Every structure is written in structure tokens, then in C-alpha cells.
Amino acid sequence: MKVAIIGVGTAGVSVLRQLVKHPNFAELDVTIYDNEKNMGQGEPFQNDSDDLLINVPVDMLSLNIDNVHEFREWYETQNDFDYGRATYLPRFVFGHYMKGYLDHYIQLYDNIHVVRQEVTQLGVEVQDSTSCHPKITVCTDDIVNTYDYVFLTIGTMSYNDPYQLKGQRGYIDSPYPANRTLDQVVDTDKIAVIGTGLASLDVIRYVLNHHNKPLMLASRSGQLPSVRGDMTKVDLHYLTKAHFSKLKRKHMDSVPLETVIELFRKECDALEIPLEQLLQRKTGDVMQDLKYDMAHAKQLGRLQSVLMAVKDNMDWIWNSLTHADQQAYHERYHQYVKENSNPMPRDTAELILNALHNDMLEIRSGLSHVERTNGRYRLKFDDAGRQCMVDVVINATGPKTRLDQLDESDALLLDMANKQMIQAHPMGGIQIVPETNEVISPRYGTMTNIRAIGQITNGVNFQRNAVTMIVQQAVKTVGQLYQQLEKESEV
């Protein structure tokens, strides 16, 4: 069987790791595709400044689903990077951990082939009626090959451009690599970062250490992620598959959102989490909010731990909701979950507090518009007449989530949508079968030999783009490939 892995970041490397572990791997002929820069590291973990830290502790991050400490063990045995016994390591170190395994597999197995080019097009090869699965054609600028099975692991979509400024001088449309963001910036330039999510924290860490002017951070909410508290192992007792199975029988194979919320409240009550107090703690004063989080690390850590456990099970929880309830969740609850489920390291919070105290950082809410005028950028805010001028804008608003937002930076997905190989999910990303990650095509139906993993499936795999969740998806989908291979060999 000929297999292609398109995109070799976290998802692609995880798929390959699962493939080589199986005793029947020798029956496969595998080709991996990615550009030289991202091959084995992906966009998030590419070589960059060591100011950019992974927001997950080293002891909670691994590509090995059976050994959560594998990354720590790898770090302590290698000789290229030494940051002491750090709780949080620079992002690129994790990238080298991934790439180390990839390079090892490439050297070890002669049935792994490497194409260091981006895939530009996919196509379906027309088969006769006796064929079980249509073959998939994979094209780069120089190569055309045909495969029996394809893993679509292309990583995140390109960055949002909410104010249509891409291409303008002084507008940096992506915060990565951070160590190149200041290449065209002079010492006297005033910089604004738009967006206050995790990506903005990377920019803050880098710019504050490499630019001598105060930095402005602006967004609609003006709220930063929470600070990571004292995390603990949590086993869910109410949000369980057993409870959901009973509820589905009562509600025609779905679970009402308000019932899910009630079960979540019971989980919090069992752990003595003051849920309402924590969810309503935000004051709008960033310094006060960060100090609160740091002073309540035990309570907040328990809440974050419950949310992590929920995210680990989000595949079947999310897909038990009706579409209407998924939308209602976004409107009523998602902001609370978002604020508390992707926390920043404590030392990042201390850096921000220090910068705010020393007037090297200003955080503004109510951002409504950004426009370029007379060679500079005017940021407008909701308050009547409130605006400011800056020389450089760094976009940290995050990647796109919907197909109707795509541009030429997402050429492969645009091509697949144009050929009706993929279709949009109403909540974002592309349509896939939740249990199998099989791509659903409006033209070809369920494509059992194309499996999509990662952020492009965010409508179905909601909140499941962290490393651990991607590894879980890789384990499941690779297992299904080998099951299919065994069935075909029996026939």
C-alpha cells in the first residue's frame, strides 16, 4: 500500500511514529511531504528565539501516548540545548525532539521517502467499478505521484487578516518566526500588537527583550489568558461516556447543552472549585487580574485541570451536541473556557506585570479598526474619538478557522474545495467523520482513504489541537489504516 503524509509537523510526525510501530509497517510504502523549514518541526516549533516558551510544562508534553515524560527524558539525554531543569522550554526545543525522531525513522527504514516540497494539489484518480477506493494524486511543483492512502496533516491555516492590511509596509501579518519580526523595525518605531491570545504572549516576550520602546497590545476584549495554576490529575465522574449514552437514548442521539453544563458543574463541585467566583473574577484591569490568578494558584489549577480533562474527551462530548447547541455554547460559554484552558506560564505573567509597572507595556481594549494613513497606522477604539498612531503593527489574532476566510496562502485547501474534495463544517474547518477523521466530500462522499488531522478539522475536533489531542488522533487513525490493510489482505 502506498501512503502519503502531507505536512510533517506535530500531526505528520505523530502519524509516522504510529505507522512504524506496527509489525506490518514493511507492507507500506510511505512518502512524506513538506517544505525544508517545516519538515519535522512544523510552524509552531520551528527554529526561533528562545524567548518563545511552550505554554505547557515539559512534564505534560510528549509525542508518546504511553509515556508523558518522553520529551523530558529526551531533553535530559541530548547535548545540544541546556536550559537547566526548566519547567517550560523554548518552543524550538520541542521541534528538535520531533525532528530527531523523524530523522531516525528516515535513516532506519528504506520504505520511507522524503519530498522536501509543499504539496500544491490533490486529485482523485478515476477508477473502474471494481475498485474499493479511488486513488489519490498528489502534486508538487515538480512531482506527481499516486497513493492508496493519504494523511492530510498540513497544520494550521494561515493567519487572519481582520483589517485587510496584508502586504502593507510596516504590517507584519504573522508573529512567527518572532526572531524576524523586528528585521525591518528601527529603534524609534512605536509597535502595536493586535490580539491578546497566546500568540501575543510570544510577541510580548520577544519585543520587550529586543526593542527599547514601549509596546502596545490591543484587542476587542483586552483580556489576556489566565495564569497556569497548580495542576492536578483529574478523573471525570459525571462527564462520562456512560452518562452520555443514557442521555442519548432519551434525546434521539444527542445530549442537551444545559445538561452538559450541569454535569460540568457537578465535576467542579466534587473538587470544591468555586466555579462562579473564578469565572466572574475578571475586572478588566490586567494587572489586578494577573495578580489574582497568581494568588489563587490552587483553586485556579483545579479548574484548569478539569478543563484539560474535558478537552481530552472533547471528541465525543462536542459531537454529542446538536448544531444549535454548539452555536449556543460559543455564544454563552466558550469565552470562559478559552480564558481558562490555555494558561500562560507564571514567569510570563511576571514579565508582563513588570512591563506594565515600568510603562513598557500598555494593554487596550475596544479595538474596532486599524488603517494605514500617511505611512503609519491608526488604531481606533470603541470610545468616541479614542485612537492612537503607531509605526508597526504585528498581527497576533491567530489562524483562520473557516474555509470562506482562505486566501492564496492556503492554496492547497482552496484547490481541494474548488474540486469539491472537501467542504466546510458550519463551526469551522472541514467536514470529517468524527470517529474516524475520514474526509467527507460533497462530490465523492466519505473518502475512507483520506484522513485529516489537526486544526483544519476544528469544527469536528473542537478544542483538540493541542499536541496530546493530535497524538490521540494519530493513534486512532493509524490503527484504522492497519485494520483496513488486514481486511484487504484477507479478501
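Helices (H or I, at least four residues) and strands (E, at least two) are DSSP runs here, numbered from the N terminus. The model is a predicted one, where local features need pLDDT of at least 70, side-chain atom pairs count only at pLDDT 80 or more, and totals for chains, interfaces and linings use all residues. Residues are numbered from 1 along each chain as its sequence is written, and side-chain values use heavy atoms, with hydrogens and water left out.

P177 sits in the loop between β8 (171-172) and β9 (191-194), and a cis peptide bond with omega of about -5° joins Y176 to P177. Over in the loop between β7 (149-152) and β8, Q164 has a positive phi of about 50° despite not being a glycine. For background, most residues other than glycine have a negative phi, and most peptide bonds are trans.

Now for two helix pairs. Axes are lines fitted to C-alpha atoms, for helices over the stretch in contact, and angles run from 0 to 180 degrees between N-to-C directions. Angles under 35 degrees count as roughly parallel, over 145 as roughly antiparallel, 65 to 115 as roughly perpendicular, and the rest as oblique. A crossing is left-handed if the near helix is turned anticlockwise from the far one by less than a right angle, and right-handed if clockwise.

| Helix pair | Axes come within | Crossing angle |
|---|---|---|
| α6 and α9 | 10 Å | roughly 135° |
| α8 (286-295) and α13 (346-357) | 10 Å | roughly 150° |

So α8 is roughly antiparallel to α13, and their crossing is left-handed. The contact (heavy atoms within 4.5 Å) involves V286, M287, L290, K291 and M294 of α8, with R346, A349, E350, I352, L353, L356 and H357 on the α13 side.

The α6 and α9 pair is therefore oblique, with a right-handed crossing. Here F264, E267 and C268 in α6 meet L303, V306, L307 and V310 in α9.

A pocket is an open set of points on a 1 Å grid where a 1.4 Å probe fits, with protein on both sides within 12 Å along at least five of seven lines; lining residues have an atom within 4 Å of a point. There are 23 lining residues, and I261, F264, Y329, Y333 and V337 lie nearest the centre. The most come from α6, with 5 residues.
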